[in-house]
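Please work through the following exercises on helix packing with the coordinates at hand. Each task is followed by a worked solution.

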Amino acid sequence: MKTYLFTLLLLSILLSSCSGDSINEAIIDIPEEESLVIKSSPISAPIQRTGDPVKGKEYLFSGDYMSSGIPYNAYVFVNGENTDNLLNRTGDNAIINHDYTAFNTPNGAKVVAPNCLSCHSSLLNNDFIVGLGDHNSNFTSNRANEVSLLNTAIINVYGQDSKEWDAYDQFRKSITAIGPKTIMASKGVNPANKIAEVLISHRNKETLEWLDEPNVVFPDEVLPADVPAWWLLKKKNAMFSTAIGRLDFCKSFIGASLLTLSDATKAAEVDEKMVDVLAYIQSLEAPKYPFAIDAEKANTGKALFENNCSTCHGTYGDNETYPNLLVALESVETDPELSNHYAATTEQNNYFMDWFNTGWFGSTQNPLQIKSEEGYIAPPLDGIWASAPYFHNASVPTLAHVLNSKNRPEFWSRTFISTDYDTSEVGWNYNVETSQENVNTYNTTLKGYGNGGHRFGDAFSSEEREAVLEYLKTL
């Protein structure tokens, strides 16, 4: 059985005395293979603003952090009244989907626009979980295709000189810009990185006003991302799997508002409220595993986990620890394309970094910093049982595959039914395919979709792997 040459105690001493630029190394001996040297660097903890979680929940669910959208009556007419009311909202929001919010624009028009829960909530075993990344997201078509029809309908009903058209105009411009640029090859992955790039290419970095012609054209490739669970954020010192989001987290939240934002004045108004949203997100706890757990096996798995996995992923239960490590690509070996994308020296990347770091987001009080370093965060594992599929690109269907790199399918599909869950392998039931049949198939041969790396569990015996899986259910 493999062991770390450096104990967790020694590592904690090293971390406490190292700066954010230092490199830590730990060695894992893997039988019949070369030893793996884990190179990582700790991420310094930024000071975050504090707010009111109750106010943050209300603003997140029903607030006007969007500035433009589809006329309310038109939305309800097309979609009908939704009686689920998963968020227990009142008024106009009580009868629309949870991932949309109704609000009044400054010109008095009532509109509906997507909210943060479009990506940050999901159903699992028929339970609605706020903060769980949407593992059923579908970005496999060009959403701009519907804009022309919507334009015609709004003009015919309200008129192009109406307040409704004026309140809708920015929404249509943004969807037209991002639609053809953010088409994914498979369901279940998110193009958030590309959405941000397209939107900032169309906005002035100081005033945040919309530009009909982009300042820079980003490459057509769209790299997949898995949306991390919100409840992990309270432990993390940087946002996103690549750790590019540094310093003030609240500023980063405003990135979602770039879809419909009017200007920097509105951004400043939203920024004041995002302090409360952060407080609400930090109040979220991971959902408990709803099925039976073998306590004896889990106890065995805990010892194995703490001896072999906790250096990067932390410890759980009493006296929890989390080291906030950015693990080098050469160590983790998972698909490098997303990390490489931000580390590349290109005109587009220079624009991206400059736009955030020297514009409104990075130069106002409580700035956001975008900092690109090679590697991926080793995330906390609270509620990991609920977060399938796994890795930063959602390329692995179960935790059993995370712990056994040799058994990962090249092509696999799933039903996208929330109850189609595998309690033994801990993740989604899946079918092995021989090629990409349709958008329900995950194709690991595509750029950015690879499922290699993270070989640290390969040396476990099958019994040890089962024990670790049982322990992970308890987190």
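The model is predicted, with pLDDT of at least 70 needed for local features and 80 or more for side-chain atom pairs, while totals for chains use all residues. Residues are numbered from 1 along each chain, and side-chain values use heavy atoms, without hydrogens and water.

**Exercise 1.** Determine how the radius of gyration of the chain relates to that of a compact globule.

*Solution.* Step 1: the rule, 2.2 Å times the number of residues to the power 0.38, is applied to C-alpha atoms. Step 2: for 475 residues it gives a value near 23 Å, and the chain agrees because its radius is 23 Å. Step 3: buried residues (under 20% relative accessible area, 1.4 Å probe, protein chains only) make up 56% of the chain.

**Exercise 2.** Identify the buried residues of helix α2 and the elements they pack against.

*Solution.* Step 1: α2, a DSSP run of H or I with at least four residues, spans residues 53-62. Step 2: Gly-56, Tyr-59, Leu-60, Phe-61 and Ser-62 are buried. Step 3: these residues pack against β4 (100-104), β7 (127-130) and α8 (264-283).

**Exercise 3.** Describe the packing of α2 with α8.

*Solution.* Step 1: the axes, lines fitted to C-alpha atoms over the stretch in contact, lie 7 Å apart at an angle of about 110°. Step 2: α2 is therefore roughly perpendicular to α8, a class covering 65 to 115 degrees. Step 3: the residues of this contact (heavy atoms within 4.5 Å) comprise nine nonpolar, two polar and four charged.

Definitions and conventions
Buried < 20%, exposed > 50% of the residue type's maximum accessible area, 1.4 Å probe, protein only. Helix = DSSP H or I, 4+ residues; strand = E, 2+ residues; numbered from the N terminus. Axes fitted to C-alpha atoms, helices over the stretch in contact; angles between N-to-C directions. Parallel < 35°, antiparallel > 145°, perpendicular 65-115°, else oblique. Nonpolar A, V, L, I, M, F, W, Y, C, P; charged D, E, K, R; others polar.
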